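Please brief me on this model, with the sheet, the helices packed on it and the charged pairs as topics. Keep it brisk.

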Amino acid sequence: MDGCAFCRQAVEGLIALDSTTRTLWAERPSARTVADGVMRAVRAEVRLGRMLPLDDPTRELRIAETAAARVLRRAADRVPGVRAASCRLTPDEGSTKVTLAVTLDHPLPDRATEVRRAVAHAAGHELGLAVSTIDLRIVSVLEPLEPLEPTASEEPTLRDGCGR
């Protein structure tokens with residue numbers, strides 16, 4: 001094993017993984033922090049995608065699909081209880097498809113209305129992108145954020161059936 005380059009590389013990788021695992025274990029990040037980090041890493045994939053025409057009279061201005069999708073996902077993320085997983089734009093149809101993870105602490109139709117409003121506003125006002133349809137797909141459920149300090153009228157949230 002000492003003379004094998006592949007074994008040394010594997011051991012170095014395991015040492016790095018062990019170090020990272022110990023750091024995370026010591027920090028005890030919330031599930032939301034880990035999920036946000038994973039989503040940032042997935043979104044960081046470098047590719048421009050298609051160039052989309054902006055809603056200008058000359059039709060000469062364009063934006064990379066990945067840049068536009070990033071702006072629209074960020075708009076969806078600003079809605080409380082929502083995290084956008086992906087965003088696909090179809091300029092020929094004027095439609096946008098956004099996949100979401102949401103909390104179930106508010107009715108889904110109301111939350112969907114808020115997300116559509118935020119995405120449409122960002123498309124029109126931040127990008128100048130004409131979007132006529134916003135298709136939302138919920139692919140995951142998030143745990144609701146716990147309040148920092150419960151009010152006197154609220155009862156403590158039970159974590160499991162045993163009161164822990």
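**Briefing: salt bridges, sheet and helix packing**

Asp105 has a relative accessible area of 41%, so Asp105 is partly exposed. The side chain of Asp105 meets that of Arg111 in a salt bridge, at 3.3 Å from N to O. Arg111 is at 3% relative accessibility, so this residue counts as buried. All of this comes from a predicted model.

**Salt bridges**

- The whole structure holds 5 salt bridges, according to a search.
- Glu65 and Arg50 join their side chains in a salt bridge of 3.1 Å, N to O. This pair links distant parts of the chain, 15 residues apart. Glu65 lies in helix H3, and Arg50 lies in the loop between helix H2 (31-43) and strand S1 (51-53).
- Glu65 counts as buried because its relative accessibility is 10%, under the 20% cut-off. Arg50 counts as partly exposed because its value is 39%.
- Arg137 and Asp135 also meet through their side chains in a salt bridge, 3.0 Å from N to O. Arg137 has a relative accessible area of 46%, so Arg137 is partly exposed. Asp135 has 24%, so Asp135 is partly exposed.
- A network of salt bridges links Arg74, Arg78 and Glu126.
- In general, side chains of opposite charge can pair when their charged atoms come close.

**The sheet**

- Three strands form an open sheet: 3 strands in the order S3-S4-S5, with mixed pairing.
- Strand S3 (82-90) and strand S5 (133-142) are the edge strands, and each pairs on one side only.
- From one strand to the next, the twist averages 15 degrees.
- S3 pairs with strand S4 (residues 95-103) in the antiparallel sense, over 8 bridges.
- Leu89 has Thr96 as its bridge partner in S4.

**Helices on the sheet**

- Helix H3 (residues 65-77) packs on the sheet and touches S3 and S4. The direction of H3 makes about 145 degrees with that of S3.
- Helix H4 (residues 108-127) also packs on the sheet, where H4 touches S3, S4 and S5. The direction of H4 makes about 125 degrees with that of S5.

- H3 is mostly covered, with 10 of its 13 residues buried.
- The buried residues of H3 include Ala68, Ala69, Val71, Leu72, Ala75 and Ala76.
- An α-helix has 3.6 residues a turn, so residues three or four places apart point the same way.

**Leu72**

- Is Leu72 buried or exposed? Leu72 counts as buried, because its relative accessibility is 0%. Its place is in helix H3.
- Which residues does Leu72 touch, not counting those up to four places away in sequence? They are Cys87, Leu89, Thr96, Val119, Ala122, Ala123 and Leu127.
- Leu89 and Thr96, both touched by Leu72, are the bridge partners named for the sheet.
- Leu72 and Val119 are 47 residues apart in sequence. In space they are 5.4 Å apart, C-alpha to C-alpha.

Conventions: Residues numbered from 1 in each chain as written. Predicted model: local features only at pLDDT ≥ 70, side-chain atom pairs only at ≥ 80, totals over all residues. Heavy atoms only, no water. Pairing = 2+ DSSP bridges. Helix = DSSP H or I, 4+ residues; strand = E, 2+ residues; numbered from the N terminus. Axes fitted to C-alpha atoms, helices over the stretch in contact; angles between N-to-C directions. Contact = heavy atoms within 4.5 Å. Buried < 20%, exposed > 50% of the residue type's maximum accessible area, 1.4 Å probe, protein only. Salt bridge = Lys/Arg side-chain N within 4 Å of Asp/Glu carboxyl O.
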